[in-house]
Amino acid sequence: MKKNILTALIAAAATLGLMGSQALAQEFPPSKGVTLYVGFPPGGANDIAARVIGKKLSENLGIKVVVDNKPGAGGNIATNTVVTGPADGSVIMLGSIGPLSIASHLMKIPYDPVKDIAPLAMGGSFPNVLLVSPESGIKTLKDLVDLAKKEPGKLTFASTGAGSASHLQGELFNQRAGVDIVHVPYKGGGAATVDVIGNRVTVYYSALPSSVAHIRSGKLIPIAVTSAKRAELFPEIPTIAESGYPGFDADNWYAFIASAKTPPAILERWNQELIKVITDPVTSKELLEKGLTLTPGSRDDLAKYIAKESDTWGKIIRDRKITVQQ
């Protein structure tokens, strides 16, 4: 009898211990705070959006949310950091189209964007805008193409890294326009913007949110946007499609992700909290004024969208034989 009681007590203690560890593992919000990774340096569109959203998350959750910039490889380094980091809900990332839907088709990456990443919620979408310096003498997309054909291999275009959306958009336009504008990868938008303002690089496929101030100040001239429709914030900027290249349509987007090892209950809570933030009237207005259209949805919606984008860009990369030097 005593032996049976002792066995039962041990079993109960083990069960309680397991329940306790599970409860601890699924603690939300994490008492140690949250790290929100960004795959690019401060000052770019990804960083701008993360800091606005991170601030509101911190207010709502009552914990410290730290935005941690980890630039390099078009966002792949930061993405791998999240994939291999703590899977307790304390590490999330505002990821981008490059590492989530494009990179795996262009290069070897240390993570599987399907198996290793858990979608949390879509952040928002926006076009990239082609920017040139007033010193370049270029005022329209036609000017750029004419100059590129006159001086093949001499003009350059900046991107936020090999395999990023801005890189792929530039390569696609090269092929559609039949020009040879040389790719110059940067670790993020800040440095690329500085060099295009200084006319050290000819054109930059910039995320609209990070270029608003420079466009309004006249430091940079916008000659086209990559989306099928004109940007709501700058309706005067023509699209690439209507500038002589029908069918050109390449939106950019940001989405929140975590490690796929994170407990499902925490992933669902993150979806709820993120949607609460990006549908907040003040937050959404602030981001819209920066050129970012918010598109909240479920985790399943985001998973399907990432897969669709991967299929679309993968086919384009294969059909057009686009490659990246590593």
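Predicted model: local features only at pLDDT ≥ 70, side-chain atom pairs only at ≥ 80, totals over all residues.
**Ground rules.** I number residues from 1 along each chain as its sequence is written. Local features need pLDDT of at least 70 and side-chain atom pairs 80 or more, totals for chains, interfaces and linings use all residues, and side-chain values use heavy atoms, with hydrogens and water left out.

**Largest pocket.** I worked on a 1 Å grid over the protein atoms alone, where a pocket is an open set of points with protein on both sides within 12 Å along at least five of seven lines, and a cavity is a set where a 1.4 Å probe fits but cannot get out. Points join across faces, edges and corners, and a volume is the space filled by probe spheres set on them. The largest pocket holds about 360 Å³. I count 17 lining residues (an atom within 4 Å of a point), with Asp-249, Ala-250, Asp-251, Thr-312 and Trp-313 nearest the centre. Helices (H or I, at least four residues) and strands (E, at least two) are DSSP runs numbered from the N terminus. Helix α11 (299-319) gives this lining the most, five residues.

**Helix α11.** I looked at this helix next: its 21 residues reach 30 Å from first C-alpha to last, close to the 30 Å expected at 1.5 Å a residue (1.5 Å times one less than the number of residues). Just past the helix, Lys-321 has a positive phi of about 55 degrees.

**Second largest pocket.** Its volume comes to about 280 Å³. Pro-127, Arg-230, Ala-231, Glu-232 and Thr-293 are the closest to its centre among 17 lining residues. Strand β4 has the largest share of this lining, three residues.

**Cavity.** How many cavities of 30 Å³ or more are there in the whole structure? My search turned up one, and the largest cavity has about 190 Å³ of space. Its 21 lining residues include Phe-40, Thr-160, Ala-207, Asn-252 and Tyr-254, which lie nearest the centre. Strand β7 (203-207) supplies the largest share, four residues.
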